[in-house]
Structure formats: structure tokens, C-alpha cells
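Hi,

Here is the structure I promised to pass on. Have a look at it first, then read my notes below.

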Amino acid sequence: MNSSLFHQILRWIVMALGVAIAARLVPGISYDDGTALLVAVLLLSFCNTVLRPLLLLFTFPFIVISLGLGVLVINALLFLLVGRLVEGFHVAGFWPALGGSLIVSITSMLLSGTIGKPRSKGPPSPPLSDTKGGDVIDI
């Protein structure tokens, strides 16, 4: 199996574990069955890959002014959006969404250290600068 595909599947499993833990710990978050959990995890992964970077870009001044708390709001809103879109996955409101997004983030952070990043196959990349006395001035 391709290494990057294997790591993507591991990330989905970690996210599913985080969502399941959030459903057990946070009142207001629940799912009906494993299919709803799977669809919620896939949609949450898609939102984190596509929508989150755009939202971070457009709300950058707010994030800076709020000293990074805006990122928590964006994560909670994406969690709430997934709760509204996936039938069988229930998020009662903003505060449960905030708690759920924090638990998913903490779970992902803790378990990503054990999973690690996929290693690239092939020769190491060449150095970025030429130190043999070329015409480039490094500052």
C-alpha cells in the first residue's frame, strides 16, 4: 500500500477516534451509528483541507487581533457545519462544537506524534543555496 495513502487513512482513524471521544465527553455531540461517524469524519477532513485555509486567510486580521482565538472559532464553526450537514451526526450548538473541536485537535496532536509523517522515497533534495562562491549574495 502506498505510504501516503496509509498515513491519510491513519489520520482519518485518529480523527474518528477524536470525534468519538468528543461525543462521549461533550454533552450535545452525538452520532447515531458508525456510518454517520465515518461521513462526519470524511466531511470534517474535507472542510479542514479546503475551507479552513480559505477561512484562515480571509479572517487573518481577526485572528491576529484576537491573539489566535479566532482559529478556535473557525474550528468550532466547521465542526458545527459538519453537524448540520451530516444526517445522524448531531452538534447542539456553538459551545458543544467548540468543545468537540478542541478534543479532536488535542487527540490529533497527541496521536500524530506516534504516527509521524510519511517518509519520502528517493534521494535527498539538494541544498537551496550554492556556497561555492557564485554570484548570489546571501543576506
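Before the rings, a definition: rings of Phe, Tyr and Trp (its six-membered ring) pair if their centres lie within 6.5 Å, and planes under 30 degrees apart count as stacked, over 60 as edge-to-face and the rest as tilted. On that basis the structure holds 2 aromatic pairs.

Some housekeeping. This is a predicted model, so local features need pLDDT of at least 70 and side-chain atom pairs count only at pLDDT 80 or more, while totals for chains, interfaces and linings use all residues. Residues are numbered from 1 along each chain as its sequence is written, and side-chain values use heavy atoms, with hydrogens and water left out.

**Overall layout**

The protein chain has 5 helices and 2 strands; helices (H or I, at least four residues) and strands (E, at least two) are DSSP runs, numbered from the N terminus. Read from the N terminus, the order is α-β-α-α-α-β-α. Of the 139 residues in the protein chain, 30% are buried, where buried means under 20% relative accessible area, exposed over 50% and partly exposed in between (1.4 Å probe, protein chains only). Contact means heavy atoms within 4.5 Å. Among contacts in the protein chain between residues at least 6 apart in sequence, 64% join residues at least 24 apart.

**The aromatic pairs**

A pair of aromatic rings is described by the distance of the centres and the angle of the planes. Back to those 2 aromatic pairs. Phe79 and Phe89 make an edge-to-face pair, at 5.8 Å centre to centre with 70° between the planes. Phe79 belongs to helix α4 and Phe89 to strand β2 (residues 89-91), so this pair links distant parts of the chain, 10 residues apart. Both Phe79 and Phe89 are buried. Phe94 and Trp95 have ring centres 5.2 Å apart and planes at 75°, so that pair is edge-to-face. Phe94 is partly exposed, because its relative accessible area is 28%, whereas Trp95 counts as exposed at 64% relative accessibility.

How far apart are the end C-alpha atoms of helix α1 (residues 3-25)? They are 33 Å apart, which agrees with the 33 Å that its 23 residues should span at 1.5 Å a residue. (The expected span of a helix is 1.5 Å times one less than its number of residues.) The buried residues of α1 are His7, Val14, Met15, Gly18, Val19, Ala20, Ala22 and Ala23. Arg24 is in helix α1 too, but Arg24 is exposed, with a relative accessible area of 76%.

α1 and α2 pack with their axes 9 Å apart, at an angle of about 115°. Axes here are lines fitted to C-alpha atoms, for helices over the stretch in contact, and angles run from 0 to 180 degrees between N-to-C directions. α1 and α2 are therefore roughly perpendicular to each other (angles under 35 degrees count as roughly parallel, over 145 as roughly antiparallel, 65 to 115 as roughly perpendicular and the rest as oblique). On the α1 side the contact involves Gln8, Trp12, Met15, Ala16, Val19 and Ala20, and on the α2 side Leu37, Val41, Leu42, Leu44, Ser45 and Asn48.

For helix α4 (residues 69-85), the 17 residues should span 24 Å at 1.5 Å a residue, and the end C-alpha atoms are 25 Å apart, which agrees. Its buried residues include Gly70, Ile74, Leu78, Leu80 and Gly83.

The axes of helix α2 (residues 34-58) and α4 come within 10 Å and cross at roughly 140°, and the two helices are therefore oblique to each other. Residues that meet there include Leu44, Asn48, Arg52 and Leu55 in α2, and Val71, Asn75, Phe79 and Leu85 in α4.

Asn75 is found in helix α4 and is buried, with a relative accessible area of 14%. Leaving out residues up to four places away in sequence, Asn75 touches Arg52, Ser101 and Ser105.

Leu67 lies in the loop between α3 (60-65) and α4. Phi of Leu67 is near 60°, a positive value in a residue other than glycine. Leu67 is exposed, with a relative accessible area of 78%.

Cheers
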